[in-house]
Amino acid sequence: MIRTIFFDLDDTLYPKDSGVWQAMRARIGAYMQQVVGIPAAEAAQVREGYLKKYGTTLRGLQHDFAIDADDYLRYVHDVPIESLIAPNPALAAMLAALPQEKFIFTNSVSFHAERVLAALGVQAAFAGIIDVRAMEFRSKPDPFAYQVALARGQVAAPAALFVDDMPANLRPAHALGAQTALLGTLAEPDPAVSVCIARPEQLIEAMPALVEFAHE
């Protein structure tokens, strides 16, 4: 039985076409070029290499340029959340119906998560935010991040559910014995994905035992 649910934030609790990630990606590129000094012609390739090697651009820049993480996070997340994300009453209702304790588990930073949750109108649904700082900047899908999440939630993996829009971020959770839900579709079956949903508010419909558990 699931006791705790860990929700990814960006592109999971709100639609991918909201413009939030696009705005942050532009800020990442601007930081690499204007603050770090990486030539514009090389920035995209450098960033792609960081994502493959470290999981995040931040870790790559820390390794190669010893940048200040807080400065980077403030710069990258300076985007107009409130004009890009609208309240989602259906999501709020679904979250309120779930009896499990719920956490945000994100490679982003807590102040960004707080703005997103407020814009969606769901901030009261979550017991806490496990962000990139809590993970010591190691980030999903680094297995260490999942140990941090489980410890913070005080739950064993078999009693946890992880919800994310990236299959790669669900595989470490599955390897630990947790259940998983993917926001999106799969080109081919993935044993690490328990269910797929198109929108986060469909979670109970896809996994009705989450609510039935409360009545047992």
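Author: A salt bridge here is a side-chain nitrogen of Lys or Arg within 4 Å of a carboxyl oxygen of Asp or Glu. The model is predicted.

Reader: How far apart are the closest N and O atoms of Arg138 and Asp142?

Author: Arg138 is partly exposed at 31% relative accessibility, while Asp142 counts as buried at 17%. The cut-off for a salt bridge is 4 Å. The two residues form one, with their closest N and O atoms 3.3 Å apart.

Reader: How many residues apart in sequence are the parts that Arg115 and Glu82 tie together?

Author: The side chains of Arg115 and Glu82 form a salt bridge, 2.8 Å from N to O. Arg115 belongs to helix 7 and Glu82 to helix 5, so the parts they tie together are separated in sequence by 33 residues.

Reader: Which residue pairs with Arg27 in a salt bridge?

Author: Arg27 is partly exposed, its relative accessible area being 24%. It sits in helix 1, and its partner lies 51 residues away in the loop between helix 4 and helix 5. With the closest N and O atoms 3.8 Å apart, the partner is Asp78.

Reader: Which residues of helix 6 are exposed on the face turned away from its buried side?

Author: The buried residues of helix 6 are Leu91, Met94 and Leu95. They span an arc of only 95° around the axis, and therefore lie on the same side of helix 6. The face turned away from that buried side carries the exposed residues Pro89 and Ala96.

Technical notes
Residues numbered from 1 in each chain as written. Predicted model: local features only at pLDDT ≥ 70, side-chain atom pairs only at ≥ 80, totals over all residues. Heavy atoms only, no water. Buried < 20%, exposed > 50% of the residue type's maximum accessible area, 1.4 Å probe, protein only. Helix = DSSP H or I, 4+ residues; strand = E, 2+ residues; numbered from the N terminus. Arc of directions from axis to C-beta.
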